[in-house]
Amino acid sequence: MDVNAIVVGNAASGAAYFNGAGKCRACHNPDTDFKGIGARYDPFVLQGRIINPRGGRGPIRPSTVRVTLPSGQTVSGRLVAVDDFSVTMIDDAGVRRSLSRDNEVPKVEITDPYQAHLDNLLKITDKQMHDLTAYLVTLK
Amino acid sequence: MRSLPRLLSVTIVFAAIALAQPQLDQALLGKPPVDSWPTYHGDYSGRHYSTLSQINQTNVKNLGLAWLYRANTNPQGAETGGSVPESVPIRLGPGALAGGLLKSTPLLVNGVLYFSAPDHAWAVDARNGRQIWHFFWKTSGGDHIGNRGLGMYGRWLYLETPDGYVVSLDAETGKERWHKQIADVRAEYFATSPPVVIRNHVIVGLSGDALDVPGWVESRDPETGEIQWKWFTTPRAGEPGIATWPDPYAAEHGGGMPWQPVTYDPDLNLIYVTTGNPNPVYRGDLRKGANLYTASIVALNPDTGKIAWYFQSSPHDTHDWDAAQVPVLFEMDIDGTRRKLLAQASRNGFFFVLDRTNGKNLVTKTFVESPNWFKGIDERGQPVPNPDKDSQPGGTLISPNNGGAANWTPPTYDPDTELLYLNTAQGYEIHYQYQTGGPSFGSSGHTSQAVGGLEASLRAIEPRTGKLRWVHKYAGTEWNPPRPEHLGGLLSTAGNLLFAGAPGGFLVAYNPETGRQLWHTSFDRDMSNTPITYMLDGVQYVLAAAGDTLYAFRVQQ
């Protein structure tokens, strides 16, 4: 498979999407974090990272979590793992803590730094994905 | 001259042996499972519902381990059979696990559990988890993605093998009685399905879409193994449905593997077959048309193999979404009339309810939010695919992903709540077709990359409308929702309980009305089969497998 053959979009339209409807500019900048990104990744990988940016060459940025105990006390920190019955974090004091969960108790609120990409899954069109890929490959 | 007492004792011994025979009373097959679980689905309906209520919302919190059995896959000491003198290297398909991943739903007959894995079958004492026998099949190859269970007739068991055979075993000893070839492994066929016994028919199906080969369902004689009838899942020249293919050659090479067990309505004398995706898998341009009867629900007469009606869940599928998900049979009042219904939550994200007497569609509705590949619903209630969402050189973002919004593991229908429950996923993939011209076979010229997803969740669906009663989103499943079948199947009971696997290796009991968690236990990996329940010596058990181990639970006093 020729990975360059997947570049079928319009780079100018991709730039417009990047700076407009896609709201990419809220977190990314072609002159800073995205400088040279078209040289760091081939188009196939780049297109995948547009949709799911986790698992690139950099570390995955952790989610943060805030747990509100029945007493009203809150515990916050960096999320390590969560499932239906426990949540594990490195709390703000640097201590690893695991808390049991029973249905909705305690209350667990998670903030995902990649949430905008998740929200985009239901919205982005194939044309927008193609155009954005064509734009990002120009950022050499 | 023999004394009378000796004769009596001999008679008593023979009587005891006769009682110990692992005979299955065939009359049990059509009834709700209580002190047996004699078919893959428990009964013929595919509901995975038990009328037992000893374990209920009051005492489920005290459910604890009764015993466990770790599957012994060592050929040493096993009864052996096979198509070759020695076993040959095997190919582990996706989701397989060397050493035996138990995807099998056990049978329970007269206090003995019978279950399987690729190349293996076991009999285990249901009272204590002790192995009675182990059968090992010396394979000639084949995809070892999984084996989902056994069928039983009288004292005989039926096992399908990765190299395309159906094997009959003596349930008493595990010794092979005979084996018959269903399909040739050299054409990339393999077999995973539990045979379903209907009177004197053993209904078997097969798998494989790596090559463009025909698919079929067949019925075999339970005593001799000889073929009684064979129904091809795609039409031949001159047959109804051939106009949905470019030509008879494309139809004959169009796949449509029926790789899941059938369900059965004894009153209508119809079996419900679900079929796989068409071939070539992604090159829809080489097989323009609806491609009947691939990705379909088909009603057949089990005595003749003649088709009664069909409904196509994924017309002209181009995303590897077979419609092999369980066709669940139940009755329900609709507008004051008791109706015989069939429901399927299909891999493509659509929930269908049909009148199972004639295949007429009553409900078509997506059961997750992410499906983005269709542009409407046709007059038969079938989704209309959007051709723009076929695989393209520049990539198309598709949901569901290959794992499907649902997959092969059984949902459950609870007649008390009148809801259908299943594990779902909303994964995404980008599909690429990098060779758009010339011939193709299997999945050639195509690739895809997984790009995460929204979530995985347990969902309760109202069959009258297709609306969701409740959704339980599994925590932490954003970005990497597990394939639904990797959480196992579901079970509901008259104890007002719903049992389901959850990500992280949990087996959970829920309130089926609300989705509230009532009890859970954890394994060292995700649940891999479908839980069953039965009464033995006055005690209700719940069984589930995770990885290579079968776990039995009962209420601890």
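Visitor: What pLDDT does chain B average, and what percentage of its residues score at least 70?

Guide: This is a predicted model, in which local features need pLDDT of at least 70, side-chain atom pairs count only at pLDDT 80 or more, and totals for chains, interfaces and linings use all residues. Residues are numbered from 1 along each chain as its sequence is written, chains are lettered from A and ligands numbered from 1 in the order in which they are written, and side-chain values use heavy atoms, leaving out hydrogens and water.

Chain B has an average pLDDT (the predictor's confidence in each residue, from 0 to 100) of 93, and 93% of its residues score at least 70. Residues 1-19 of chain B stay under 50, and for them the model has 1 contact (heavy atoms within 4.5 Å) beyond four places in sequence. The model as a whole scores ipTM 0.97 and pTM 0.95.

We may now turn to the open space. On a 1 Å grid over the protein atoms alone, a pocket is an open set of points with protein on both sides within 12 Å along at least five of seven lines, a cavity is a set where a 1.4 Å probe fits but cannot get out, and lining residues have an atom within 4 Å of a point. The largest pocket holds about 900 Å³, a volume being the space filled by probe spheres set on grid points joined across faces, edges and corners. Of its 37 lining residues, A:His28, A:Phe34, A:Arg49, A:Pro53 and A:His117 are the closest to the centre. By class, the lining of this pocket has 20 nonpolar, 9 polar and 8 charged residues (Ala, Val, Leu, Ile, Met, Phe, Trp, Tyr, Cys and Pro count as nonpolar, Asp, Glu, Lys and Arg as charged, and the others, Gly among them, as polar).

The structure holds 4 cavities of 30 Å³ or more. In the largest cavity there is about 100 Å³ of space, and among its 14 lining residues B:Ala406, B:Asn407, B:Thr409, B:Pro411 and B:Leu422 are the closest to the centre. The lining of the largest cavity comprises 9 nonpolar and 5 polar residues, with no charged ones. The second largest cavity contains about 80 Å³; of its 14 lining residues, B:Thr39, B:Tyr40, B:Pro195, B:Val196 and B:Val197 are the closest to its centre. Its lining divides into 10 nonpolar, 3 polar and 1 charged.
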